[in-house]
Amino acid sequence: MTAGWTEDRVGALKKLWLEGQSASQIAKQLGGGVTRNAVIGKVHRLGLSGRAAPSQPARATFRPSRPRPAQPTQAPSAPRRIEAVQPRPAAPQLPVAMPDLPGTATVMTLGAHMCKWPIGDPSSTEFSFCGRRASEGVYCVEHARVAYQPAMKRGGATDLARSLRRYI
């Protein structure tokens, strides 16, 4: 158990706190099992608020940045001419054509505007996608009709009669 806060310790705490020492520094000087948190708690209970100067570790001095040279206010110059550069021979690329037959697109050849309707078993080697031009969204017109079914209208009285038969 730590020694209590005697009049001498409280007086030393007040003096050191007003000098601007940190709670850790005060705890070391008081000794006898007084911790940093004990000092902070006592400071709050005593209502000590202001300090002479806050204790902070020594920091590097602040150097203001060098002033930047003023930018000349000139009118924009005329566009520069770009000298003609000999074009590099392009690497041969495989032609990527939009397939007309469904099921000819693979994951590697599928583009942004191609129908992404899956065809076949994903675990087989023959698996592919439709690949035709997508009209709106991700599917072609034909597959969009299958994917997006219109909501069916309910029959009103016939549905009510059908649901009541369950309970009768």
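**Cysteines and helix packing in a predicted model**

Author: This is a predicted model. A search of the whole structure finds zero disulfides.

Reader: How far is Cys 115 from the nearest cysteine sulfur?

Author: The general idea is that a disulfide is a covalent bond between the sulfur atoms of two cysteines. Here Cys 115 takes part in no disulfide, and the nearest cysteine sulfur, belonging to Cys 140, lies 3.7 Å away. Because the cut-off is 2.5 Å, the 3.7 Å from the sulfur of Cys 140 to that of Cys 115 is too far for a bond.

Reader: Is Cys 115 buried or exposed?

Author: Cys 115 counts as buried because its relative accessibility is 0%. Cys 140 is buried too, with a relative accessible area of 4%.

Reader: At what angle do α1 and α3 pack?

Author: Two packed helices are described by the angle between their axes and the distance between the axes. For α1 (residues 7-19) and α3 (residues 36-46) the angle is about 90 degrees, and the axes are 11 Å apart. That angle makes α1 roughly perpendicular to α3.

Reader: Which residues of α1 and α3 meet?

Author: From α1 they are Val 10, Leu 13, Lys 14 and Trp 17; from α3, Val 39, Lys 42, Val 43 and Leu 46. Sorted by class, this contact has six nonpolar, no polar and two charged residues.

Reader: How is α1 packed with α2?

Author: The angle between α1 and α2 (residues 23-30) is about 145 degrees, with axes 10 Å apart. The crossing of α1 past α2 is right-handed. In α1, Arg 9, Ala 12, Leu 13, Leu 16 and Trp 17 meet Ile 26, Gln 29 and Leu 30 of α2. The classes in this contact are six nonpolar, one polar and one charged.

How values were computed. Residues numbered from 1 in each chain as written. Predicted model: local features only at pLDDT ≥ 70, side-chain atom pairs only at ≥ 80, totals over all residues. Heavy atoms only, no water. Buried < 20%, exposed > 50% of the residue type's maximum accessible area, 1.4 Å probe, protein only. Axes fitted to C-alpha atoms, helices over the stretch in contact; angles between N-to-C directions. Helix = DSSP H or I, 4+ residues; strand = E, 2+ residues; numbered from the N terminus. Parallel < 35°, antiparallel > 145°, perpendicular 65-115°, else oblique. Contact = heavy atoms within 4.5 Å. Nonpolar A, V, L, I, M, F, W, Y, C, P; charged D, E, K, R; others polar. Left-handed = near helix turned anticlockwise from the far one by under 90°.
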